[in-house]
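These notes are for a colleague who is opening this structure for the first time. Please look it over, and then read the points below beside it.

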Amino acid sequence: MLKLYGGAFSRASIVKWYLEEIEVPYEFVLLDMQAGEHRQPEYLKINPIGKVPAIVDGDLQLWESGAILLYLRDKYGKAPLSPEERGILAQWVVFANATLGPGIFVEANREKEMPRLLTPLNEIFERQPFLLGNEFSVADVAVGSILAYIPIMLKLDLGDYPAVVNYIKQMTERPAFQKSIGGRS
């Protein structure tokens, strides 16, 4: 069975959300981050960087939430993807981790970056319910998790982005979100 390693309040919850969405059984291995379990030799064999999340799926050991999400989509997704489709999913997953997260959660960036990031997202969600159209995808887990943390962690005014607010509501009401990230708030 796939093992997911994470801390109580870590990005492992994003991977949990996707595993719940795609209904892949997994064992969650809770590491006591305060006690430094993520820095012990046994865990460093899985992730030499000592960060969470990480997974072990058979012989594969993989870390970084975005890489894990894309791997899970490739391995357990319902239909194979073309290189173009994979590229678009990767674009959104990398955007979530490398651009959206730092743009929103790094306070020094927020004032300048928030309108640059949320205005085009708001326009997308005015036209369609999900990032890629009418179907939920791993891109929604990556971007939706970052956006869902805004009201949980930052309490920012999103009044200028009503379609983003509606999207966050839609994401946070999903049963798989409730079983994973929803329990954090």
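1. Phe-125 and Tyr-167 are both buried, where buried stands for under 20% relative accessible area, exposed for over 50% and partly exposed for the range in between (1.4 Å probe, protein chains only). The model is a predicted one, in which local features need pLDDT of at least 70 and side-chain atom pairs count only at pLDDT 80 or more, while totals for chains, interfaces and linings use all residues. Residues are numbered from 1 along each chain as its sequence is written, and side-chain values use heavy atoms, with hydrogens and water left out.

2. Rings of Phe, Tyr and Trp (its six-membered ring) are paired here if their centres lie within 6.5 Å, and planes under 30 degrees apart count as stacked, those over 60 as edge-to-face and the rest as tilted. By this rule there are six aromatic pairs. One of them joins Trp-17 and Phe-177 edge-to-face, at 5.0 Å centre to centre and with 90 degrees between the planes. Because Trp-17 lies in helix H1 (residues 12-22) and Phe-177 in helix H8 (residues 175-179), this pair ties together parts that are 160 residues apart in sequence; helices (H or I, at least four residues) and strands (E, at least two) are DSSP runs, numbered from the N terminus. Trp-17 is buried, with a relative accessible area of 0%, and Phe-177 also counts as buried, at 2% relative accessibility.

3. The rings of Phe-125 and Tyr-167 form a stacked pair, because their centres are 3.8 Å apart and their planes are at 10 degrees. This pair links distant parts of the chain, with Phe-125 in helix H5 (residues 107-127) and Tyr-167 in helix H7 (residues 162-172), 42 residues apart.

4. Ring pairs also link Trp-17, Phe-130, Phe-136 and Phe-177 into a cluster. The charged end of Arg-174 sits over the ring of Phe-136, 3.7 Å from its centre, the rule being that NZ of Lys or CZ of Arg is within 6 Å of the ring centre and within 35 degrees of the ring normal. Lys-16 likewise lies over the face of Phe-28, at 3.8 Å from the ring centre.

5. The protein is divided into domain 1 (2-76) and domain 2 (83-179), with bounds that come from an automatic or database domain assignment. Their C-alpha centres lie 22 Å apart, and 14 residues of domain 1 are in contact (heavy atoms within 4.5 Å) with 19 residues of domain 2.

6. How much area do domain 1 and domain 2 bury between them? The value is about 1,400 Å², 68% of it on carbon and sulfur atoms, where buried area is the accessible area (1.4 Å probe) that two parts lose on being put together, summed over both. Trp-17, Glu-21 and Leu-70 supply 42% of the area that domain 1 buries against domain 2, more than any other three residues.

7. Three salt bridges are found across the interface of domain 1 and domain 2, each being a side-chain nitrogen of Lys or Arg within 4 Å of a carboxyl oxygen of Asp or Glu. The side chains of Glu-21 and Arg-174 meet in a salt bridge at 2.7 Å, N to O.

8. Some backbone details also deserve a look. The peptide bond from Val-52 to Pro-53 is cis, with omega near 10 degrees, and Pro-53 is placed in the loop between helix H2 (41-44) and strand S3 (54-57). Glu-64, although not a glycine, has a positive phi of about 85 degrees, and with a relative accessible area of 47% Glu-64 is partly exposed.
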